[in-house]
Amino acid sequence: MTDVRHNAGAVHIPRIKVIVNPAARGGRTARQWPAISELLKRNDISFDYSVTEGPGHGIDLAKEAVNAGYETIVAVGGDGTVNEVTNGIVDNDGKGRATLGIICTGTGRDCIRSLNIPYDIGKACQLLADRDCADIDIGRAEFRDGGRKTRRYYINTAALGFASAVAERTRCFKSLGGTVPFLIAFSAVFVSYKAKDMAIDIDGRIRQERSLLVTANNGRYFGGGMKITPDADPCDGLLDIVTVKDVNKLRLLYNFPKLYRGTHITHPMVDVYKAKFVGVQTSDSLLLQLDGEIVGKAPAGFSIIPSALRVITGGLHG
């Protein structure tokens, strides 16, 4: 699918706004931006740009850009930046009002892995110039934030439990860059984290279990390259759900490499589902992360919005 319009022989090139998060990857994106800007120009991409000034600002900038008539919004930053821009692009029903482009300069890179977008900046700019698009599903999450019920959308992953505790701890070390923050956070959380009692509603079927982790994914990856839902397809109209029961810590550590290969799903303590809705209730404090960023807590519900957002992508796996 190509996002270029023709009218009486003339080619319409959509107006492009680039939203840059200079703080992404410990501030390295600020230093990369001049080179990225030059590469966009070399690919004959005409654009305006804005720079975020703090958490949540990407949502506001994306909304302003769409309201100003920009038809393509490009996120330059990490998975959290992509999530903010997505939430600024979609309307109240979760439907995209503009096309999303991504130049990933972050650490996790899970969104671009799931969407087959190159990490190499030069190749990512070329992809934007080619403008091959796909209409992908997006997830809708409803949860608690500071005691009030709120809603937010996500492209790739939603997780409750162990992975969210690691994501929260990782924030303290992000300035180190690379995989070091994740490894430090994982080690700290692994020692102390305990499974939580949950009521998990999967398309109306309720399960009571003690779990370490629940994911409701649209894409395949989370946690910086772990293939947590290896069969996920962001265009199939379904969430891919994985629950990990209260497994022995040593056994969990032994099986940890399987997460990167996607072979963990055959383990007897792992359950896998495809569904349109999943809800999680618990009396414990349970953090929620969307696309790698902590946004609130359970109770939470997740649903899928089919073909909601047009994204410039390198082609999606089926």
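1. Angles under 35 degrees count as roughly parallel, over 145 as roughly antiparallel, 65 to 115 as roughly perpendicular and the rest as oblique. Helices α2 (residues 57-67) and α3 (residues 79-89) pack at about 40 degrees, with axes 7 Å apart. The pair is therefore oblique. Axes here are lines fitted to C-alpha atoms over the stretch in contact, and angles run from 0 to 180 degrees between N-to-C directions. Helices are DSSP runs of H or I with at least four residues; strands are E runs of at least two.

2. The model is predicted: local features need pLDDT of at least 70, side-chain atom pairs count only at pLDDT 80 or more, and totals for chains, interfaces and linings use all residues. Residues are numbered from 1 along each chain, and side-chain values use heavy atoms, without hydrogens or water.

3. Which residues make the contact of α2 and α3? From α2 come H57, G58, I59, A62, K63 and V66; from α3 come E84, V85, N87, G88 and I89. Contact means heavy atoms within 4.5 Å.

4. H267 lies in the loop between α9 (258-261) and β13 (270-275). Its relative accessibility is 16%, so H267 counts as buried (under 20% relative accessible area, 1.4 Å probe, protein chains only). Leaving out residues up to four places away in sequence, H267 touches V247, R251 and N255.

5. Strand β15 (residues 287-290) is covered on both faces. L287 and Q289 are buried on one side, L288 and L290 on the other. β15 runs antiparallel to β9 (residues 158-161), joined by 3 bridges; pairing needs at least two DSSP bridges. L160 has L288 as its bridge partner.

6. β15 also pairs antiparallel with β16 (residues 293-312) over 4 bridges. L287 stands opposite K297. Their hairpin has 2 residues between the strands, and D291 takes a positive phi near 50 degrees.

Note on methods. Buried means under 20% relative accessible area, exposed over 50%, partly exposed in between (1.4 Å probe, protein chains only).
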